[in-house]
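Here are my notes on this one, written as numbered points. Keep the viewer open while you read.

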Amino acid sequence: MRRGTTPTLTFTLPFSTKGMDVLNLAFSQKDNRGRDILVLQKTLKDVTLDEYTVTTTLTEEETLKLSEKHGLLEIQMRCGFGNAKLTSNIIEVEVERILKDGVI
């Protein structure tokens, strides 16, 4: 994922999104001390649900919060259907640098 861009992220699920009533999409990176820090998160109101997909778009400001110096970006989705709660595996994505920082 490149900083300063507006990527649309689509997650394909092995089950239908019908009845999904809660969602948390967490984006985490290490800080200068090597601790995991939650950089961004999206909830159900921030995504679009299709039959088997969850889609969200990050803003320039959001991707500029990411650091290419702090290693991989980790992404994990947690969702719920009433009392049933599910958690995805952690997805690792490389963060790529840009030459000029800031919003264009």
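**Notes on the fold, the pairings and the pocket**

1. The strands concerned are E2 and E6, which pair antiparallel over 7 bridges. By pairing I mean that DSSP finds at least two bridges between two strands. Strands of a sheet pair through backbone hydrogen bonds, either parallel or antiparallel.

2. A word on what you are looking at. This is a predicted model, in which local features need pLDDT of at least 70 and side-chain atom pairs count only at pLDDT 80 or more, while totals for chains, interfaces and linings use all residues. Residues are numbered from 1 along each chain as its sequence is written, and side-chain values use heavy atoms, with hydrogens and water left out.

3. The overall layout: the chain has 1 helix and 8 strands, and from the N terminus the elements read β-β-β-β-β-α-β-β-β. Helices (H or I, at least four residues) and strands (E, at least two) are DSSP runs, numbered from the N terminus. The C-alpha atoms fill a box of roughly 45 × 30 × 20 Å along the principal axes. Of the 104 residues in the chain, 34% are buried; buried means under 20% relative accessible area, exposed over 50%, and partly exposed in between (1.4 Å probe, protein chains only).

4. How far along the sequence do the contacts reach? Among contacts with a separation of 6 or more, 65% are between residues 24 or more positions apart. A contact here means heavy atoms within 4.5 Å.

5. Back to E2, which also pairs with strand E3 (residues 36–43), again antiparallel and over 7 bridges. In that pairing Lys-30 stands opposite Asp-36 in E3. The hairpin of E2 and E3 has 5 residues between the strands, and Gly-34 there takes a positive phi near 85 degrees.

6. Next, have a look at the open sheet of 3 strands, with the order E1-E5-E4 and antiparallel pairing. E1 and strand E4 (48–49) are at the edges with a single partner strand each, so one side of each has no neighbour in the sheet. E1 is joined to strand E5 (residues 53–57) by 5 bridges; Thr-8 has Thr-57 in E5 as its bridge partner, and Phe-11 stands opposite Val-54 in E5. On the E4 side, 2 bridges pair E4 with E5, with Thr-48 opposite Thr-55. E4 and E5 form a hairpin with 3 residues between them.

7. Which aromatic rings pair up? The search of the whole structure finds 1 aromatic pair. Phe-15 and Phe-81 form that pair, edge-to-face, at 5.8 Å centre to centre and 80 degrees between the planes. Phe-15 lies in the loop between E1 and strand E2 (22–30) and Phe-81 in strand E6, so the pair ties together parts that are 66 residues apart in sequence. For the cut-offs, rings of Phe, Tyr and Trp (its six-membered ring) pair if their centres lie within 6.5 Å; planes under 30 degrees apart count as stacked, over 60 as edge-to-face and the rest as tilted. Phe-15 is partly exposed at 26% relative accessible area, and Phe-81 is partly exposed at 22%.

8. Phe-15 turns up again at the largest pocket, which is lined by 15 residues; Leu-13, Pro-14, Phe-15, Met-77 and Ser-88 lie nearest its centre. The pocket volume is about 180 Å³. A pocket is an open set of points on a 1 Å grid over the protein atoms alone, where a 1.4 Å probe fits, with protein on both sides within 12 Å along at least five of seven lines; lining residues have an atom within 4 Å of a point. Grid points are joined across faces, edges and corners, and the volume is the space filled by probe spheres set on the points.

9. What is the lining made of? It divides into 10 nonpolar, 4 polar and 1 charged residues. Ala, Val, Leu, Ile, Met, Phe, Trp, Tyr, Cys and Pro count as nonpolar, Asp, Glu, Lys and Arg as charged, and the others, Gly among them, as polar. Strands E1 (8–12), E6 (73–81) and E7 (84–87) each supply at least two lining residues, and E6 gives the largest share, 5 residues.
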